[in-house]
Amino acid sequence: MPEAPEVQTVLSTLETQIKDVSIEDVLIYYPKIVDNVEVETFKHRLIGQSFRTFNRLGKYLVFGLDDYDLVVHLRMEGKFYLYDKICEDKHIHVVFKLNNGICMSYHDTRKFGRMYLYSKNDDIHSYACFKNVGYDYMDPRVNGMYFYHCIHTLKRNLKSCLLDQSIMAGIGNIYADEICFALGLDPRSRACKLSKKDCDKIVLETRRILQGATHYGGTTIRSYTSSLGVTGRFQLHLKVHGQAQCKVCHHTIKKLTVSQRGTYLCPKCQKRK
């Protein structure tokens, strides 16, 4: 699943292509992609609207239109393609025909992605699709004390807390491993044993690593690319995830399952609390 850096890469790339461009028509081939309103209502409200702002909350794209916010969750395989005509492809489920001649096509082989349309509200956290989504990792309200208050009574492991989008949104499996490595902590460390100083460092390293990944266009692993002519290069900078040997101490990297996710760690550099 694309994580925050990959989503930001898609969003920033689309902004250069469709900012202030208006929607002339919407073609929907798989109605279940549209989640919170009827398909005809979705189409009717979007026609004539222009893309004005491009924001992100965790792994969600938020397109600010004139009167509405279009929220898109790519889930596992969702991608956007820009074509100069309508393309016949069984995996293209929604097409936005734009007034600059571009057809912005939503492609999703597994059909897990979802689109939501809301009347504009200054607080996007009020939208129903964000009911279980916490503050974005870049939100100024997220700091060490905030994270400590969220997790200090939990008996869960550190990695599950990092992956919990209701605590801090945007981190996925790859970056959770990288964050734990940067902290020198075993991802199986218990949240309730982490100190306030640990939590300060968690927020600091999360921002450093995810912003660094965003700079490199995200991480291209398995099937993910931005699909807009941008290929992530952060995989060249991964310290532990998918690696055979630790780049710091050269110890063999251990792969195991933590919180039902494939997890990489260095037994020598990362200590368990």
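**Close-up views of a predicted model**

**View 1. The span of helix α6.** At 1.5 Å a residue, the 20 residues of α6 should span 28 Å, and the distance of 29 Å between its end C-alpha atoms agrees with this. The expected span is 1.5 Å times one less than the number of residues in the helix. Helices (H or I, at least four residues) and strands (E, at least two) are DSSP runs, numbered from the N terminus. This is a predicted model, in which local features need pLDDT of at least 70, side-chain atom pairs count only at pLDDT 80 or more, and totals for chains, interfaces and linings use all residues. Residues are numbered from 1 along each chain as its sequence is written, and side-chain values use heavy atoms, with hydrogens and water left out.

**View 2. Helix α3 crossing helix α6.** The axes of α3 (residues 144-151) and α6 (residues 196-215) come within 8 Å and cross at roughly 115 degrees. Axes are lines fitted to C-alpha atoms, for helices over the stretch in contact, and angles run from 0 to 180 degrees between N-to-C directions. From α3, the contact (heavy atoms within 4.5 Å) is made by G144, M145, F147, Y148 and I151; from α6, by K196, C199, D200, I202 and V203.

**View 3. The buried residues of α6.** Buried means under 20% relative accessible area, exposed over 50%, and partly exposed in between (1.4 Å probe, protein chains only). In α6 the buried residues are D198, C199, I202, V203, E205, T206, I209, L210 and A213. Their cover includes α1 (4-18), α3, α4 (158-163) and α5 (173-183).

**View 4. Helix α5 and its surroundings.** Because 10 of its 11 residues are buried, α5 is largely enclosed by the rest of the structure. Its buried residues pack against α1, α4, α6 and β10 (261-265). After α5 comes G184, with a positive phi near 75 degrees.

**View 5. The largest nonpolar core.** A nonpolar core is a set of buried Ala, Val, Leu, Ile, Met, Phe, Trp, Tyr and Cys residues joined through side-chain atoms within 4.5 Å. The largest has 32 residues, and F42, F51, F63, L70, F80, F96 and M115 have the most contacts inside it. Helix α1 supplies the largest share of this core, five residues. A second, separate core has 28 residues, including I167, L183, A191 and L194.

**View 6. Y83 in strand β5.** Y83 lies in β5 (residues 79-83) and is partly exposed, with a relative accessible area of 25%. C103 is 20 residues from Y83 in sequence, yet their C-alpha atoms are 5.1 Å apart.
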